[in-house]
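Student: Could you walk me through a protein model and show me how to read its features?
Tutor: Gladly; have a look at it first.

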Amino acid sequence: MKLALNALLKFIFGVLFVGLFIFIPAGTIKFFNGWIFMCVLFIPLLILGIYLFIKNPQLLERRLNNKEKVGTQKIVVLISALLFIVGFVVCGFDYKYNWTNIPNYVVIISCIVLMVGYLLYAEVLRENEYLLRTIEVEKEQKLIDTGLYGLVRHPMYLSVILIFLSIPLILGSLYGFYIFLIFPLVLIIRLHNEEKILVKDLKGYSKYKLKVKYKLIPYIW
């Protein structure tokens, strides 16, 4: 029950947090794209949370832990949070003052991209039960080198990039998209720092880097 309450409270906080930073700048709750975004973001997240609570509560508990211990990662998390807040606010203002006009087909495609990102996210969770939101290596943690991890070393980051770059386009904001474009750069800083920790603390990771050469995008980088 403690785990369920913790997960529920964080889910409700996330809904309120995102909703406030979108609809208040928009100046209305009649922001249709805002409601589309809230649905495609939080409904799959709720379903995934319920699934993990039933099938793998240990993994859910790990995912709820977001207290970074590494100094560099604390800075990355702070910058990411600020980017999201500014990005959401700009998207709201974009709607209110009609700065940009995103075609409906782009909104639909962006919704599909977000769902693809979620599917990748769910598959990564299925393949790697040691996946944390913080960067640390557990004592019993094993190296995963199959499935998506056989294509790129950080498939979770790829899924997150797909999700978050689709957000401002779903909200119909080109200016918001420019702000969210900064996020992959911040994520790359996190990725490089994480790899240093994994090489040092996770057995076999150095050999894994030689086996799987691509960090984030298959056959590109």
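Student: What should I know before I start?
Tutor: This is a predicted model, so local features need pLDDT of at least 70 and side-chain atom pairs count only at pLDDT 80 or more, while totals for chains, interfaces and linings use all residues. Residues are numbered from 1 along each chain as its sequence is written, and side-chain values use heavy atoms, with hydrogens and water left out.

Student: Which residues touch the most other members of the largest nonpolar core?
Tutor: The general idea comes first: in soluble globular proteins, nonpolar side chains tend to be buried together. A nonpolar core is a set of buried Ala, Val, Leu, Ile, Met, Phe, Trp, Tyr and Cys residues joined through side-chain atoms within 4.5 Å. Buried means under 20% relative accessible area, exposed means over 50%, and partly exposed is in between (1.4 Å probe, protein chains only). Here the largest core has 53 residues, and Ile22, Phe37, Phe88, Leu125 and Leu171 touch the most other members. Helix H6 (residues 155-170) gives this core its largest share, nine residues. Helices are DSSP runs (H or I, at least four residues), and strands are too (E, at least two), numbered from the N terminus.

Student: What is leucine 125 in contact with?
Tutor: Contact means heavy atoms within 4.5 Å. Leaving aside neighbours within four places in sequence, leucine 125 is in contact with Leu48, Leu52, Leu59, Arg63, Leu131 and Met156.

Student: How many disulfides does a search of the whole structure find?
Tutor: A disulfide is a covalent bond between the sulfur atoms of two cysteines. The cut-off used here is a pair of cysteine sulfur atoms within 2.5 Å. The search of the whole structure finds zero.

Student: Where are glutamate 195 and lysine 209?
Tutor: Their side chains meet in a salt bridge of 3.9 Å, N to O. Glutamate 195 is in helix H8 (residues 182-201) and lysine 209 in helix H9, 14 residues apart, and the pair links distant parts of the chain. Glutamate 195 is buried, with 5% relative accessibility, while lysine 209 is partly exposed, with 29%.

Student: What about lysine 200 and aspartate 201?
Tutor: Their side chains form a salt bridge too, at 3.1 Å, N to O. Lysine 200 is exposed, at 63% relative accessibility, and aspartate 201 is partly exposed, at 40%. Salt bridges that share partners also join Arg153, Glu195 and Lys209 into one network.

Student: Which residues form the nonpolar patch on the surface?
Tutor: Patches are made of residues with over 30% relative accessible area and no salt bridge; like charges are joined within 9 Å, and nonpolar side chains (Val, Leu, Ile, Met, Phe, Trp, Tyr) within 5 Å. Areas come from the Shrake-Rupley method with a 1.4 Å probe, and for residues only the protein chains shown count as cover. In this model Phe93, Tyr97, Trp99, Leu174, Tyr175, Tyr178 and Leu181 form the patch, with about 680 Å² of accessible area together. Helix H4 (71-97) and helix H7 (174-180) each supply at least two of its residues, and H7 gives the largest share, three residues. Tyrosine 175, in helix H7, is partly exposed at 41% relative accessibility.

Student: How far apart in space are valine 77 and leucine 187?
Tutor: They are 9.3 Å apart, C-alpha to C-alpha, and 110 residues apart in sequence. For isoleucine 197 and phenylalanine 17, 180 residues apart along the chain, the C-alpha atoms are separated by 32 Å.

Conventions. A salt bridge is a side-chain nitrogen of Lys or Arg within 4 Å of a carboxyl oxygen of Asp or Glu.
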